[in-house]
Amino acid sequence: KGFQGATIRDICQSAEVNVASVNYHFGDKRRLYIETVKRAHQLRTLRAPLPQWPKGTPPETKLRDFIRTLLTRMIASEEAPWQHRLMMQEILHPTQACQEMVEDYIRPEFQLLLSILGELLPADVPQVRRQQFAFSVVGQCLFYKIGAPVARLLVSDEAFTEQFTVEPLANHIADVCLAALGAGPSFPQTASPSKQ
């Protein structure tokens with residue numbers, strides 16, 4: 001029904017709880033919605049946490065791991081359909097819930113990505129260029145979440161099943177990024193056997 005259409009009474013009936021529960025636990029419907037959006041994102045994060053890298057881990061490895069984790073959250077997570085719809089709604093039409101989700105969960109991981117890129121980029125690269133590169137990394141991953149239905153129409157079923165899953169895509173995106181950064185070999189025409 002959407003935020004406007006769903007009443008507190010509707011929500012409490014579906015949850016099989018007393019109608020006073022929303023006010024008691026959250027204060028109002030708006031706060032309930034904000035906490036629901038944040039919880040949907042938190043569940044995705046908990047299902048696929050970032051690795052804890054030991055000191056001395058090469059930044060190339062960190063970038064590959066970061067991309068793999070992001071793709072796992074986006075295309076291989078076991079999120080419920082309502083969670084997916086809610087997250088897409090917030091991305092397309094941000095509310096205060098999106099602002100809080102960014103501050104609580106997304107900004108710290110974006111800063112981590114920037115720090116990884118900082119290890120790979122020359123020191124004189126301006127901050128705005130570093131941010132643009134970080135958005136490019138995230139954007140490539142996000143395409144396979146949002147664009148998957150169209151991608152399925154453009155490639156064979158066999159290719160999609162074999163090469164458009166987390167591991168091949170993570171390696172592809174990492175190879176492209178590392179080549180663009182000058183931190184890896186020129187982008188290979190085919191994946192190396194160890195990455196297939």
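Where does Ala-123 have its place? In this predicted model, Ala-123 is found in the loop between helix H7 (96-120) and helix H8 (127-146). Its relative accessibility is 77%, so Ala-123 counts as exposed. Arg-73 sits 50 residues away from Ala-123 in sequence, and the two C-alpha atoms are 31 Å apart in space.

Now for the inside. The largest nonpolar core has 28 residues, and Leu-63, Ile-67, Leu-71 and Leu-117 touch the most other members. Two or more residues each come from helix H5 (59-75), H7, H8 and helix H11 (166-181), with H11 giving the largest share, 8 residues. Take Leu-63: leaving aside neighbours within four places in sequence, its contacts are Leu-113, Ile-116, Leu-117, Leu-120, Cys-177, Leu-178 and Leu-181. Another core, of 9 residues, lies apart from the largest one and includes Ile-34, Ala-40, Met-87 and Ala-97.

Then there are the rings, with a count of 5 aromatic pairs. Phe-110 and Phe-135 have ring centres 4.9 Å apart and planes at 25 degrees; that angle is under 30 degrees, so the pair is stacked. This pair links distant parts of the chain, as Phe-110 belongs to helix H7 and Phe-135 to helix H8, 25 residues apart. Phe-110 is buried at 17% relative accessible area, whereas Phe-135 is exposed at 53%. For Phe-143 and Tyr-144, the centres are 5.1 Å apart and the planes meet at 85 degrees, so this pair is edge-to-face. Phe-143 is partly exposed, at 43%, while Tyr-144 is buried, at 17%. Ring pairs also join Phe-143 and Tyr-144 with Phe-160 and Phe-164 in a cluster. Finally, the charged end of Lys-29 sits over the ring of Phe-3, 4.6 Å from the ring's centre.

Terms used. Residues numbered from 1 in each chain as written. Predicted model: local features only at pLDDT ≥ 70, side-chain atom pairs only at ≥ 80, totals over all residues. Heavy atoms only, no water. Helix = DSSP H or I, 4+ residues; strand = E, 2+ residues; numbered from the N terminus. Buried < 20%, exposed > 50% of the residue type's maximum accessible area, 1.4 Å probe, protein only. Core = buried A, V, L, I, M, F, W, Y, C linked by side-chain atoms within 4.5 Å. Contact = heavy atoms within 4.5 Å. Phe/Tyr/Trp six-rings, centres within 6.5 Å; stacked < 30°, edge-to-face > 60°. Lys NZ or Arg CZ within 6 Å of the ring centre and 35° of its normal.
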